[in-house]
Amino acid sequence: MARTPRIKQLQNDIDALETTNDAQSNQIAALNQTLSDRTDDQALMQDDTGVHYQNTYTYFYVPANVGDGSTTSDDAGLGAILRLGQYSDMEQSAYNAGEAAYSDFFPVHQIETETDAAIYTNAAGGGNGILLACDGRILVKAGEKMSINATSDIHLESTEGTVTIESGTNTDGVAQNIYIAAADGLGDVEQSYYKSKITINGEEYTKTTSVSRKYYEHNKYEIYKADSFKEIYANTSSIHHGGSSKLFMGGKVSLKLAAEFHMSLAAIVNISALTKLNLYGFKCDIGVFKLDICNWKAELKSQKMGVTTNGIELEAISTKLKSIGTEIGTTAVKAISTVAEATSVVAENTTLSAVVNPMGIVIGTRGHM
């Protein structure tokens with residue numbers, strides 16, 4: 001029961017706060033209505049809840065070394081600065097102090113692209129700009145989308161560190177993409193680096209609608225651990241200034257549906273360790289000298305024509321075979337005749353004629369050899 005007055009007091013305070021909030025809400029609503037009724041460029045110059053600075057710039061500045069703390073005279077170095085509007089006296093003082101001082105205020109790109117005093121006088125460009133600099137970290141966190149847009153150039157540079165651009169996954173676990181577009185496909189992209197390493201965990205698709213050029217001033221290695229397919233719809237020209245070596249560990253099939261011209265101004269050596277088979281409809285060899293060296297050679301020809309300086313030799317294998325058969329038959333007849341003659345000789349030698357003289361002495365034997 002003793003706590004009842006305390007609870008009553010708290011209830012009264014809550015009611016007072018609600019009344020105050022209602023009053024402020026009514027004031028804000030009335031102000032918004034007033035601003036919505038204005039259409040000129042002075043609509044924001046009304047007595048609203050913001051702060052209007054009636055000068056060309058304003059800034060928030062934190063020194064690197066506070067010093068005494070009761071005065072700013074012994075503040076030293078830039079800790080952090082946020083400047084709104086045109087360039088400030090802080091920037092001008094830093095420029096007058098030298099590069100070691102103003103390099104803490106301005107990015108390297110601003111210092112490299114501007115000349116002399118324009119480093120700070122043009123720090124806001126042609127209007128009112130924003131300068132944000134510090135000797136520590138700048139952290140930006142957005143719970144939803146983040147948009148950065150500039151009418152002119154955007155320069156991103158790390159003086160001593162690494163630049164990383166990385167996408168993540170959405171709430172459904174779906175990997176998100178990274179898009180880089182130069183003027184919707186009409187601008188150029190220039191890359192300059194010492195070493196490039198690209199890992200593609202899926203497919204790769206590259207489409208070039210104009211001339212493509214690649215220059216290699218050192219060795220090039222390509223390794224394919226799967227099938228390779230290449231299709232060309234136009235002419236191909238290749239100029240090779242050095243030697244060429246090719247090793248095929250598997251079979252090779254080449255099909256050409258059009259004529260081919262091959263010319264060599266030096267010697268050509270073809271070595272087939274096993275079998276070489278050429279199939280053709282017409283073959284013509286034209287040269288000055290030809291030499292065939294082989295251990296055994298077989299030729300099967302239905303027709304043969306030889307042209308030499310002495311005449312033309314034309315023969316059919318059937319006619320030649322018949323001639324060979326006739327020669328064989330003639331040889332057989334000659335052999336039989338020779339056998340008959342030999343038999344006659346034997347008979348004559350068997351029949352001996354003895355010539356006896358009146359003295360009864362055999363004086364000779366005659367036979368036909």
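Which elements each supply at least two residues of the nonpolar patch? Point 3 has the answer; here are my notes.

1. **What we are looking at.** This is a predicted model, where local features need pLDDT of at least 70, side-chain atom pairs count only at pLDDT 80 or more, and totals for chains, interfaces and linings use all residues. Residues are numbered from 1 along each chain as its sequence is written, and side-chain values use heavy atoms, with hydrogens and water left out.

2. **Overall layout.** The chain has 6 helices and 7 strands, taken as DSSP runs numbered from the N terminus (helices H or I, at least four residues; strands E, at least two). Their order from the N terminus is α-β-β-α-α-α-α-β-β-β-α-β-β. Of the 369 residues, 7% are buried, with buried meaning under 20% relative accessible area, exposed over 50%, and partly exposed in between (1.4 Å probe, protein chains only). The accessible surface is about 35,500 Å², 54% of it on carbon and sulfur atoms (Shrake-Rupley method, 1.4 Å probe; for residues, only the protein chains shown count as cover).

3. **The nonpolar patch.** β2 (76–85) and β3 are the elements asked about above. The patch covers about 1,300 Å², and its members include Val51, Tyr53, Leu82, Leu84, Ile130 and Leu132. A patch here takes residues with over 30% relative accessible area and no salt bridge, joining like charges within 9 Å and nonpolar side chains (Val, Leu, Ile, Met, Phe, Trp, Tyr) within 5 Å; a salt bridge is a side-chain nitrogen of Lys or Arg within 4 Å of a carboxyl oxygen of Asp or Glu. Ile148 is also a member; it sits in the loop between β3 and β4 and is exposed at 66% relative accessible area.

4. **The largest pocket.** Its volume is about 1,900 Å³, meaning the space filled by probe spheres set on grid points joined across faces, edges and corners. Of its 33 lining residues, Pro107, Ile154, His155, Leu156 and Glu157 are closest to the centre. α4 and β3 are the elements giving two or more residues to the lining, and β3 gives the most, with 6. For the record, a pocket is an open set of points on a 1 Å grid over the protein atoms alone, where a 1.4 Å probe fits, with protein on both sides within 12 Å along at least five of seven lines; lining residues have an atom within 4 Å of a point.

5. Asp116 is not a glycine, yet has a positive phi of about 50 degrees. Asp116 lies in the loop between α4 (108–113) and α5 (118–121) and is exposed at 54% relative accessibility. Asp184 also has a positive phi, near 55 degrees. Asp184 belongs to the loop between β3 (129–134) and β4 (303–308), and is exposed at 75%.
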